[in-house]
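Here is a briefing on one protein chain. Look over the sequence and the structure, then read the points below.

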Amino acid sequence: MFTERDSSDTSEIMVECQNGISVDLFLHCSLVPSVFIMFLLSLVQRRARAQPFEDRFPYLKGRFGIVVPLDFIGSLSNRWSYGFAFGAIAPSVIQLFSESYAPFYVPNWAKAIVYLIGAIEVGVAYLPFFACLSTPHRVLGGILGLLYTLMWLIVRLYDTITCPAGKILGPYEKPIILWPFYLCLFFLLGRFVYIIVKAVRIHLKLQADENEEDLHSHQFRYVQTLLRRPPESPEPKSWFRRKVYDWDPYFKFPNRMIGTSIISFIGLYMMTLADYRLSEYTFDKLDSLKDSLEQIALSCNQTESVFTYLIPSINEFSIVARRSWLATTIFSTLTSVTYTFHVLVCYRKHLKRLWRGQKSFLPEKFHTPSPAVSVAAITRYSGWQIAFTLWGFLIVHFVQFLFALMFVYGVVLPIQKGHILSWLSNVGIILLTIFIVIALVVLQIILVQVFFLQDKLSPEDKEKPLAINNRKAFHSFNYFFFFYNVIMGLSNCVLRLVSSCIVGTWLVSRIDRTIMQRGYESMDPGYSTWIGMIFADHYHSNPVMVSFCHLLLGRTLEKGGPAACSYATFSNNTGCSVGGRVRLRWLVLYTLLRNPSLILLRKTKKLPQTDSPDPLLLARAITSQAQQADAVCNKTAETEPAPLDI
């Protein structure tokens, strides 16, 4: 049932739903199945270490392990599945962002605690979406995830069908706003069905199980590119890769970045629709105010009154503001979407610079961030990035709207009203003043370049040296320009303040770039979170370190067996080979032959410490190494890959 309330001063229709399911009420009720699902997943989850008292219960020994819903650091599997799971929880996240969700009402001073309880409740309600994707028990996780997702989808669809209206977008608000949410739920349904079918096929041995390490093969390929010689000519790139986006096959964004971007996009979509509809409502109120003033003016029967001059101004402002708000809505939305993509590009660029050991792009005080701050930044980043994106959209939209009004009233309307001559004269005076100021600044530089710098030390130098010439004339020149620079400093001070405000406002949603001055970057909490996050990812997902640990663990587990399978997998991604040990020893031998100084670092041969290596001693060590590997070298094939040459 819907009831319509007609307002006497506006023509809008306020639609309210009388029957239907309250989504907030269902979220409270969903805690019961959510806790039950987590109980089942924890029951089948084995712990690595059992407690002594569990010996009394043999069946439960080692059970009730911790179920990890999502690995925010090192997991690169099911990235898009987790991304759509984040999209499924986007409406509740936006509700938390607007601070409109509270489980119960408390005084104002305790609202922060209530918001924390509400956030924990929302997290528990949506926990099965992620836990069923990450659990190693694929059949159980797929079935439970399928049932839980289907339950949420049915409730949401029933609520939308029985009550599609809302107070912002009218009678079709929920289908318009929530269609990305339904798309994510349908994707999760398909994903859970795929997980169940795949697990059954693996159990029936109709399909081979995927190796988890194959999912990280891009890290091994990245290390291989470091060991190869760079190509003589760079690879030709398409126009899209040169101008728009250049993808990297050796880099994958973690689940955290993909999920954060998806929620940001859905949030921007919902905020844009709500922003546009609320602006229409505001401008309709302004039009109704104009009509009321017209009726008052007609009732007064006065030809000359304040209303006679006020009504045309209000009418003109309403038209200009309505069109300017629509135009700036489009531009601010595009700006926020571009920023979201650009943050991903900057994440990859900054992380690859850290992999190469380059820290010059960071302020010096951030070169060694605190470990606790870096790990805590992992937990803060996603929430802060979403909040920065949405708040940045609103702030940038308002600033763009003000600039649009200034442009229309300063440029467009004077031209439309036929005041182009006066407008041109005013603009000419402003531009002439700016030109004179710039010309005087350039004149000072030219005079110094010509008269007050010594000649070039060499004809090949591009510029003169930093050495003053004609000192007496320079002191006189400096004295007379001192008084003018005092006057010019005022305009530059105002310009500096305005430009700082504009740039800071424009980049408020860019968490990867500080809006503070140099030396005060630590006062920007968003930028500090960004730095801590990329350092944590750098230390935990560096391809060189991951590959080294992979080889080390592989050799430890396979000690005494055939060749190092991990190294063979790393080098050619084809699995174990019998000649892996031969390959490894050949590479070690050739590396030592090309780099004799490394022999002193070998643990197999202790050499006396000297300030400089003895050539005779090095020769004997090389001969010893060659004799030990002589049998191996005779067995190596001519098709061996090129060894490492440092």
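**Starting at F97**

F97 lies in helix α4, which spans residues 90-97. The model is predicted.

**F97 and its surroundings**

- Is F97 buried or exposed? F97 has a relative accessibility of 18%, and buried means under 20%, so F97 counts as buried.
- Which residues does F97 touch, once those up to four places away in sequence are not counted? They are M271, A387, L390 and W391.
- F97 and G383 are 286 residues apart in sequence. In space, their C-alpha atoms are 9.3 Å apart.

**Two residues of helix α11**

- Helix α11 covers residues 255-300, and S264 is found there.
- S264 has a relative accessible area of 1% and is buried.
- Leaving aside neighbours within four places in sequence, S264 is in contact with T340, I386, T389 and L390.
- E280 also has its place in helix α11.
- E280 has a relative accessible area of 19%. Buried means under 20%, so E280 is buried.
- How far apart in space are E280 and L326? The distance is 9.5 Å from C-alpha to C-alpha, and the two are 46 residues apart in sequence.

- I534 lies in helix α16, which runs over residues 525-541.
- With a relative accessible area of 0%, I534 is buried.
- I534 touches Y347, H350, L351 and L354, not counting residues up to four places away in sequence.
- Take Y347 from that list. I534 and Y347 are 187 residues apart in sequence, yet their C-alpha atoms are 7.4 Å apart in space.
- How many residues does the largest nonpolar core have? The count is 74. Those with the most contacts inside this core are F129, Y347, W530, M533 and I534.
- Helix α8, residues 173-203, gives this core its largest share, ten residues.
- There is also a second, separate core of eight residues. Among them are V320, F401, L405 and V408.

**A pair of helices: α2 and α5**

- Two packed helices are described by the angle and the distance between their axes.
- Helix α2 is made of residues 31-44, and helix α5 of residues 111-125. Their axes come within 8 Å and cross at roughly 60°.
- On the α2 side, the contact is made by L31, S34 and V35. On the α5 side, E121, V124 and A125 make the contact.
- By class, this contact has four nonpolar residues, one polar residue and one charged residue.

**The whole chain**

- The protein chain has 21 helices and two strands.
- What share of the 646 residues counts as buried? The share is 36%.
- The accessible surface of the chain comes to about 39,800 Å². Carbon and sulfur atoms hold 66% of this surface.

Terms used. Residues are numbered from 1 along each chain as its sequence is written. This is a predicted model: local features need pLDDT of at least 70, side-chain atom pairs count only at pLDDT 80 or more; totals for chains, interfaces and linings use all residues. Side-chain values use heavy atoms; hydrogens and water are left out. Axes are lines fitted to C-alpha atoms, for helices over the stretch in contact, and angles run from 0 to 180 degrees between N-to-C directions. Helices (H or I, at least four residues) and strands (E, at least two) are DSSP runs, numbered from the N terminus. Contact means heavy atoms within 4.5 Å. Ala, Val, Leu, Ile, Met, Phe, Trp, Tyr, Cys and Pro count as nonpolar, Asp, Glu, Lys and Arg as charged, and the others, Gly among them, as polar. Buried means under 20% relative accessible area, exposed over 50%, partly exposed in between (1.4 Å probe, protein chains only). Accessible areas come from the Shrake-Rupley method with a 1.4 Å probe; for residues, only the protein chains shown count as cover. A nonpolar core is a set of buried Ala, Val, Leu, Ile, Met, Phe, Trp, Tyr and Cys residues joined through side-chain atoms within 4.5 Å.
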